[in-house]
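Colleague: Please put the model up, and then I will go through it with some questions.

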Amino acid sequence: MNVFAKTIGNVILVAAGVFLLLPLGTLFGGLTGWFVGLFFGDTILGIARQLGVDGVNMFQLGAFAGFFGTFLRSTTSDRD
C-alpha cells in the first residue's frame with residue numbers, strides 16, 4: 001500500500017507542477033520577449049515576417065516560446 005500511495009502522490013505532484021509551471025513559463029517568456037523587443041524587436045519581427053509570421057508582437061512571440069519551452073524541459077542528473 002505504501003508504494004501505491006507514493007505513486008499516486010507522485011502523479012498528483014507532476015500534474016500540479018504542470019498546471020503551475022505552464023502559466024509561469026508562458027508569463028516569463030512573454031515578459032522576456034517584451035524586454036528583448038525593446039532592443040531587437042524590429043529585427044526579430046522582420047525575420048518572423050519573412051518566415052510568414054505577421055501581425056504578432058514580441059510579447060506574443062515570447063509567450064509562445066515560454067509555453068512551448070515548458071514542454072521541452074529535460075532533467076539530467078549526474079550521479080556518481
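Colleague: In which element is the place of Leu 31?

Modeller: This is a predicted model, in which local features need pLDDT of at least 70, side-chain atom pairs count only at pLDDT 80 or more, and totals for chains, interfaces and linings use all residues. Residues are numbered from 1 along each chain as its sequence is written, and side-chain values use heavy atoms, with hydrogens and water left out. Helices are DSSP runs (H or I, at least four residues; strands are E, at least two), numbered from the N terminus. On that basis Leu 31 has its place in helix 1.

Colleague: Is Leu 31 buried, partly exposed or exposed?

Modeller: Buried means under 20% relative accessible area and exposed over 50%, with partly exposed in between (1.4 Å probe, protein chains only). Leu 31 has 40% relative accessibility, so Leu 31 counts as partly exposed.

Colleague: How does Gly 30 class, buried or exposed?

Modeller: Gly 30 is also found in helix 1. Gly 30 touches Phe 59, Gly 62 and Ala 63, leaving aside residues up to four places away in sequence; contact means heavy atoms within 4.5 Å. Its relative accessible area is 0%, so Gly 30 is buried.

Colleague: What is the orientation of helix 1 to helix 2?

Modeller: The axes of helix 1 (residues 2-50) and helix 2 (residues 58-71) come within 5 Å and cross at roughly 140°. That makes the relation oblique for helix 1 and helix 2. Axes are lines fitted to C-alpha atoms, for helices over the stretch in contact, with angles from 0 to 180 degrees between N-to-C directions. Under 35 degrees counts as roughly parallel, over 145 as roughly antiparallel, 65 to 115 as roughly perpendicular, and the rest as oblique.

Colleague: How many residues of the contact of helix 1 with helix 2 are nonpolar?

Modeller: Ala, Val, Leu, Ile, Met, Phe, Trp, Tyr, Cys and Pro count as nonpolar, Asp, Glu, Lys and Arg as charged, and the others, Gly among them, as polar. In the contact of helix 1 with helix 2, no residues are charged, 10 are polar and the nonpolar ones number 13.

Colleague: Which residues does Thr 70 touch, not counting those up to four places away in sequence?

Modeller: Thr 70 lies in helix 2. With a relative accessible area of 14%, Thr 70 is buried. Setting aside residues up to four places away in sequence, Thr 70 touches Leu 21, Leu 22 and Gly 25.

Colleague: Is Asp 42 buried or exposed?

Modeller: Asp 42 has its place in helix 1. Its relative accessible area is 72%, so Asp 42 is exposed.
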